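Below is a short briefing on a protein chain and the DNA strands beside it. The sequence and structure come first, then the notes by topic.

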Amino acid sequence: MSSPPTEGTFRERVLALVARIPPGRVMTYGQLALLAGQPGAARQAGYVMNALMDGDSGLPWQRVINAQGRVSTHKLGFGDLQEGLLRAEGVEFGASGRCDLARWQWWPGGEAHSPPTRLR
DNA sequence: AGTTTGACCTACG
DNA sequence: TCGTAGGCCAAAC
């Protein structure tokens, strides 16, 4: 029991996870790969996300960032769009464009795992 | 089938 | 803190 999902392709599993990210929360590429049953396949999670830009998938792609707590879309010519969207949802970024993952990263399943304690 | 690509990650200096 | 180097593995060509 409690086995990792093994249904569908890696891409399907990643997209399913992205669709479940609540507003104002974020997940990392490595985290998506881990929960998709492929630890270490963080780059592929990013590859899947890049495919979303091809068309409107309706998924909250903006809530996926890297393990450093920063957005990775600024290199693609999207400017600060992703960071702006996340800020609009309440995610706070520091002066160096970084956010505290310990506070904003979301883990599916049970909220009893990593509670944000208090939002102050 | 083999090669190349990447919205990455971790380690090191 | 920033830049560089190597590793990682699914999907595209």
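With six residues, α3 gives the most to the surface near DNA strand B. A residue counts as near a strand if one of its heavy atoms lies within 4 Å of that strand. This is a predicted model, in which local features need pLDDT of at least 70 and side-chain atom pairs count only at pLDDT 80 or more, while totals for chains, interfaces and linings use all residues; side-chain values use heavy atoms, with hydrogens and water left out. Residues are numbered from 1 along each chain as its sequence is written, and chains are lettered from A and ligands numbered from 1 in the order in which they are written.

**Chain A overall**

- Chain A has five helices and two strands, where helices (H or I, at least four residues) and strands (E, at least two) are DSSP runs numbered from the N terminus.
- The order of these elements from the N terminus on is α-β-α-α-β-α-α.
- Chain A has 120 residues, of which 38% count as buried; buried means under 20% relative accessible area, exposed over 50%, and partly exposed in between (1.4 Å probe, protein chains only).
- The accessible surface of chain A is about 7500 Å², and carbon and sulfur atoms hold 52% of that surface. Accessible areas come from the Shrake-Rupley method with a 1.4 Å probe, and for residues only the protein chains shown count as cover.
- Among contacts in chain A with a separation of 6 or more, 60% are between residues 24 or more positions apart; contact means heavy atoms within 4.5 Å.

**DNA strand B**

- There are 18 residues around DNA strand B, and Y29, R43, Q44, N50 and M53 come nearest.
- Of the DNA strand B atoms that come within 4 Å of the protein, 42% belong to sugar and phosphate.
- Base nitrogens of DNA strand B lie 2.6 Å from a polar side-chain atom of Y29 and 2.8 Å from an N or O atom in the side chain of R43. A polar contact is a pair of N or O atoms within 3.5 Å; within protein, one must be able to donate a hydrogen and the other to accept it, and residues adjacent in sequence count only if both atoms are side-chain atoms.
- The surface near DNA strand B is made up of eight nonpolar, eight polar and two charged residues. Ala, Val, Leu, Ile, Met, Phe, Trp, Tyr, Cys and Pro count as nonpolar, Asp, Glu, Lys and Arg as charged, and the others, Gly among them, as polar.

**DNA strand C**

- The residues around DNA strand C are T9, F10, R11, Q38, A41, R43, Q44, Y47 and R98.
- Sugar and phosphate make up 59% of the DNA strand C atoms within 4 Å of the protein.
- The side chain of Q38 has an N or O atom 3.2 Å from a phosphate oxygen of DNA strand C.
- R43 places a polar side-chain atom 3.2 Å from a base oxygen of DNA strand C.
- For Y47, a polar side-chain atom is 3.0 Å from a sugar or linking oxygen of DNA strand C.
- α3 gives the most to the surface near DNA strand C, with three residues.

**Two loop residues**

- G40 sits in the loop between α2 (29-35) and α3 (42-52) and is exposed, because its relative accessible area is 75%.
- R63 lies in the loop between α3 and β2 (64-65) and is buried, because its relative accessible area is 12%.
- A polar atom of the R63 side chain is 2.9 Å from the backbone oxygen of I21.
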